[in-house]
Amino acid sequence: MNLVRVFLTAAFLASTVMLSHAVEAKEAPVALDGNCAVCLVNGKKIVKGKPEYKVVFDGQTYLFPSEKVKQEFEASPEKYVPALKGDCTVCYAHHDGHRNPGTVDHISFYQGRVFLFPNEQIKAVFDKAPAKYSDVDLACDGKCIVCKVDGGKDVPGKAKFTAIHKGMRYQFPSEAVMQKFQASPDKYISQLKADTSTSSTTDAASQLVSVTGTTGCAACQFGVHPKQDPGELGLAVKSEDGKIYVIEGAHKSHPSLYDSRFESLKVKVKGKEIASKGNFVWLTPQSIETVK
């Protein structure tokens, strides 16, 4: 009987420890290295927060030096959280949405917001042209995602009705519409992606492209990566009109040309457009010829 009790007690203690570890594993990571977000925005000061004054917001734990400061954050957290959840907005802009964490050692302030960077060099890029990078976290170009998904309409949002989800800012025309999004944000985001993907696929199916230009490295020279193999640097072709065509799978289909991409070779590419963004176009090639 005693052995049974010992066994049950041991099992209970083991399960308790496992549950404790599971809870700890799920705890939201501490934002800003434990420094106060309100103090950063209001006073541009690094002030350590305390564990007893914490708020979990958008998957991160924010610490504050006092209850009063904590309540100030709770009243309007979107005003105080760092842009893009503390990830580098410059990296996000130049590397097709790649999230690269910034640190409190490299901070810039712009239009009342806090921006973090991984090093001083990238911070300097932001400081030189902050307006270029300050809104990369503004989802749907500031238009209401609820209005688009539910009604198929492009309705401008207002800054006063801003919701933060996974570091992105979503704006809405009213408080009621914003609350509708906040009740099920993933539903609207996934539906918008599905609608956009279907539309892009339909449009791209008929867009066969023929372009002549010079080769280059997509990532090194233009800051973009292939869609299908984002881990590759990618082959780019710059056309005479200044557009950059990223050639999907070139490292496999044309390895010799890919290795020589830095030589600015003149080539003619025929392929199917699979995506476009600004001055960039991604192509699945049907043929690539060197032009002499």
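Two strands count as paired when DSSP finds at least two bridges between them. Keep that in mind for this predicted model, where T103 has F117 in β4 as its bridge partner. The protein chain has 292 residues, and 41% of them count as buried. Its secondary structure comes to 12 helices and 11 strands. If you look at contacts in the chain with a separation of 6 or more, 50% of them come from residues 24 or more positions apart.

**The β3–β4 hairpin**

- Strand β3 covers residues 103–110 and strand β4 covers residues 113–117, and the two pair in the antiparallel sense over five bridges.
- Together β3 and β4 make a hairpin, with two residues between them.
- Q111 sits in the loop between β3 and β4, and it has a positive phi of about 50 degrees even though it is not a glycine.
- Q111 has a relative accessible area of 64%, so it counts as exposed.

- F57 stands opposite Q60, which belongs to β2.
- This pair also forms a hairpin with two residues between the strands, and D58 in the turn has a positive phi of about 50 degrees.

- You'll find K44 in the loop between α2 (37–43) and β1.
- K44 is not a glycine, yet it has a positive phi of about 55 degrees.
- The relative accessible area of K44 is 56%; exposed means over 50%, so K44 is exposed.

**The second largest pocket**

- Rolling a probe the size of a water molecule over the atoms shows where empty space is left.
- The second largest pocket has a volume of about 230 Å³.
- Its lining is made up of 16 residues, and the closest to the pocket's centre are E78, K79, R113, T162 and R169.
- Two elements give two or more residues to this lining, namely β5 (158–165) and β6 (168–172).
- β5 gives the most to the lining of the second largest pocket, with three residues.
- By type, the lining residues of this pocket split into six nonpolar, four polar and six charged.

**S239 in β8**

- S239 lies in strand β8, which takes in residues 235–239.
- Buried means under 20% relative accessible area, and S239 is at 9%, so it counts as buried.
- The side chain of S239 makes a polar contact with the side chain of D241, at 2.2 Å.
- Setting aside residues up to four places away in sequence, S239 touches V211, T212, G213 and Y245.

**K277 in β10**

- K277 has its place in strand β10, which runs over residues 266–277.
- K277 and D96 are 181 residues apart along the chain, while their C-alpha atoms are separated by 9.5 Å.
- D96 and W282 are both in contact with K277, once its neighbours within four places in sequence are left aside.

Terms used: Residues are numbered from 1 along each chain as its sequence is written. This is a predicted model: local features need pLDDT of at least 70, side-chain atom pairs count only at pLDDT 80 or more; totals for chains, interfaces and linings use all residues. Side-chain values use heavy atoms; hydrogens and water are left out. Helices (H or I, at least four residues) and strands (E, at least two) are DSSP runs, numbered from the N terminus. Buried means under 20% relative accessible area, exposed over 50%, partly exposed in between (1.4 Å probe, protein chains only). A polar contact is a pair of N or O atoms within 3.5 Å; within protein, one must be able to donate a hydrogen and the other to accept it, and residues adjacent in sequence count only if both atoms are side-chain atoms. Contact means heavy atoms within 4.5 Å. On a 1 Å grid over the protein atoms alone, a cavity is a set of points where a 1.4 Å probe fits but cannot get out, and a pocket is an open set with protein on both sides within 12 Å along at least five of seven lines; lining residues have an atom within 4 Å of a point. Grid points are joined across faces, edges and corners, and a volume is the space filled by probe spheres set on the points. Ala, Val, Leu, Ile, Met, Phe, Trp, Tyr, Cys and Pro count as nonpolar, Asp, Glu, Lys and Arg as charged, and the others, Gly among them, as polar.
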